[in-house]
Amino acid sequence: MKKRILLVDDEKEFAETLAERLRTRDFHVTEAFSGNEALEKLKEYNFDVTILDVQMPGMDGIEALRAIKKLKPLTEVLMLTGHGTIETAIEGMKIGAYDFLLKPCEMDLLLEKINGAYERKSEHEERIRKALVDKLSTSPMSVLEK
Amino acid sequence: MEHSKNEADKTKKGGLLSNKMLWLIVGAVCFIIIGFIVPTPQSMIEMVKEHGFGKRLIEWNVASDMAEAAWKLKLVLGMIPMAVIYFATEALPIGLVGILMPVFAYFFHLLPKKMIGKTFAGDAPLFLLGVLAMGVTVIDVGLHKRIATWILGWTKGFVMPILVLCISMSVLGSFISAHAMAAFMAPVMAAVYMGAVSANSKGEKIEHDPELAKLLLFSLCFALNVGGVGSPAAGGRNVIMMGFWSDYNVPMSFGKWMMYGLPLTPVLGLAVAFYMLFIFRKVKTKDLTPGLIAIKEETKRMGKMSYAEKVALGMMVLILVLWIFGGDGLGLGGPALLALVIPVIFGVSDWKKILGGISWDAWFMYCGALTLGALLKESGAALWLAQIFLEGLDKIHCAKGLGLWIGMSGFSGLMTNFMSDAGTTALLGPIAIPMGIMSGVPGEPWAIGLATAFATSFAHFLIVGTPNNAIVYGLGVYPDTGKNMISPIDFVKYGFGLFIISLAITWVLGFMIIYNVVGFPEGITETAKAVLMTAAQ
């Protein structure tokens, strides 16, 4: 199954180019050009990894990260940052981002981080799945609990 | 304060059924009303007098006179609605309901204490212990995944993968924990679905085909359910029935069960496949090949078969061979216990892991069921109930043979949709066996016991009927949206028809053909009747 990526960056040209490069490497990529647009897409779909630009007009990266983690806690977030905003990226990692990357990023490094984020999400999901199965095996009725 | 608020919120959310305290009280009240408030019917007093149950209970110092013996019988009967309520509402964990049986037997002095303890230490409880331990190792080393990918990895197209899925899952479900298979296969089915619909989608956006999602998940779920008829190792419910037969001195061997049950599984699996393909004939995606790559990827990811998998496979085959050809001396418990020993000796699992993985809940429930069976049999309650039911069934000409098996399996099948399958067997088995014996038809009580046990594998139409249903529902989500692929009401919509079909196949192929072809050993009805009437003689 293709890994699902949400790419959030207000620099349209950069986002489109990066998305295309990721698609050629067999990722399923959706683009969003603002924090709000990203949240709208996240409401509708699950993504494995969100690549999030730290510096965006309107809702900034940290604000968007908080909202993403609230909406889809399992989605891993990679912060894209410039040299001037590393502090923000570190703050982002403290509140749940998987890692950060300096812009412009090398493709191999980006792929490595995406795969790492995906692995972490998969492991987390597996643990949740196991707990759910244990619960349902002993009490099928618990499936009706909200 | 906060805790009680949360509890109250939970109760509110889950509705009346989740109010465990309420059902705990309702069950206890039922027991008190039947046991202590309702007067003992004359028919019970006559029963304990005429059939010698009273005399025996007096000899055992369990009762001082016939009236007290009849009251003890009534107390045992009071435990049945209580257990039904607890099983159906999960007011207590099933293992704890099982423990209640000996607890009541000790505290109300319903049987001599030596007899109560014996129910927990026979061949059958050890058999189940081994079956549970084998499941722990097989799942721990991932052998179930390997087998599933071997079976499905080569398929292509649309109809063939569904046919192979249904037949293989039904046969595998006869020997390997169906819950574990459901837990592994549900996400695999979701991946197969995504691969298939993605290939069928024109743009980047995935065009979903909900009918295909339902076809894949229900095929998996129902095929695993029907696999329960194939062998005693399919689940505790079958072992419970084996235990009841042993109590009547007519034990059935592992191989013999397979002769009655295993031929049914591929046919039932095939019926699941055809029924699902017919119900979901309007699916848009008619090629699963792109999705089946997910299974091939899984196989690739697993690499070569590991040492641990080889040991687990060898252990499974050895135990199976010993169950079938090991003879009476080994019993069922002997080979099963190897599942506790082999993984530790060969270093593929450690002792604590095995102990931690065993479902003690299921084991205690099962042992409690044997205690309840003994209580019903020894007090005369089973015979009293059997006579009442037989009188009722006689009016509709279903009091023996095929009519009785159809009636009993129909009732057992309905009941298992509302409560635990093992609970259904535990409660119906002790009543069904004397019913069969009293009907006097050769082959009883095996025939009616199998009828009762087979039908507990058809919990298709309620989501809470079996953990398989709940697991497939819980894990069957669209990976891209996180929404459930099926809804609880879908089980009623698509499962009820299959429930009827499964029963019909069992009636025709099982009762009319296999029972006649395989036949039953001579004299088992007489042997079991002698045990039932020992006191009278």
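Which domains does the domain assignment give for chain B?

**Entry 1. Ground rules.** I note that this is a predicted model, in which local features need pLDDT of at least 70 and side-chain atom pairs count only at pLDDT 80 or more, while totals for chains, interfaces and linings use all residues. Residues are numbered from 1 along each chain as its sequence is written, and chains are lettered from A and ligands numbered from 1 in the order in which they are written.

**Entry 2. Domains of chain B.** I looked up the assignment and found domain 1 (2-121 + 362-455) and domain 2 (124-358 + 457-529); such bounds come from an automatic or database domain assignment. Taken over C-alpha atoms, the centres of domain 1 and domain 2 of chain B are separated by 29 Å. I then checked where they touch: 43 residues of domain 1 of chain B are in contact with 42 residues of domain 2 of chain B, contact being C-beta atoms, placed from the backbone, within 7 Å. On the domain 1 side, helix 20 (360-379), helix 22 (401-418), helix 23 (421-439) and helix 24 (446-455) of chain B give two or more residues. Helices here are DSSP runs of H or I with at least four residues, strands are runs of E with at least two, and both are numbered from the N terminus. By class, this domain 1 side divides into 28 nonpolar, 12 polar and 3 charged residues. Ala, Val, Leu, Ile, Met, Phe, Trp, Tyr, Cys and Pro count as nonpolar, Asp, Glu, Lys and Arg as charged, and the others, Gly among them, as polar.

**Entry 3. The sheet of chain A.** I traced an open sheet of 5 strands in chain A, with the order 2-1-3-4-5 and parallel pairing. Two strands pair if DSSP finds at least two bridges between them. Strand 2 (28-32) and strand 5 (99-102) of chain A each have a single partner strand, so one side of each is left without a neighbour in the sheet. Neighbouring strands of this sheet are turned by 20° against each other on average, direction ignored. Strand 4 (residues 76-81) of chain A is joined to strand 5 of chain A by 4 bridges, and Leu80(A) has Leu101(A) in strand 5 as its bridge partner.

**Entry 4. Helices across the sheet.** Helix 3 (residues 61-71) of chain A lies across strand 1 (4-8), strand 3 (49-53) and strand 4 of chain A, at about 160° to strand 3. The axes are lines fitted to C-alpha atoms, for helices over the stretch in contact, and angles run from 0 to 180 degrees between N-to-C directions. Helix 5 (residues 107-138) of chain A lies across strand 1, strand 3, strand 4 and strand 5 of chain A, at about 155° to strand 4. In the loop between strand 5 and helix 5 of chain A I found Pro104(A), which a cis peptide bond joins to Lys103(A), with omega about -5°.

**Entry 5. Where the chains meet.** How many residues of chain B are in contact with chain A? I recorded 27 residues of chain B against 18 residues of chain A. Helix 1 (2-14), helix 11 and helix 25 of chain B each supply at least two residues of the chain B side, and the largest share, 7 residues, comes from helix 25 of chain B. That side has 14 nonpolar, 9 polar and 4 charged residues.

**Entry 6. Helix 11 and helix 25 of chain B.** I next examined how these two pack. The axes of helix 11 (residues 178-200) and helix 25 (residues 467-475) of chain B come within 9 Å and cross at roughly 15°. That makes helix 11 of chain B roughly parallel to helix 25 of chain B, a label for angles under 35 degrees, whereas over 145 counts as roughly antiparallel, 65 to 115 as roughly perpendicular and the rest as oblique. The residues of this contact divide into 9 nonpolar, 2 polar and no charged. Among them, Ala178(B) and His179(B) belong to helix 11, and Pro467(B) and Asn468(B) to helix 25.

**Entry 7. Helix 3 and helix 5 of chain B.** The axes of helix 3 (residues 42-50) and helix 5 (residues 66-89) of chain B come within 9 Å and cross at roughly 110°, which makes helix 3 of chain B roughly perpendicular to helix 5 of chain B.

**Entry 8. Backbone of chain B.** A cis peptide bond joins Glu444(B) and Pro445(B), with omega about 5°; Pro445(B) is in the loop between helix 23 and helix 24 of chain B.

Notes
Two residues are in contact if their C-beta atoms, placed from the backbone, lie within 7 Å.
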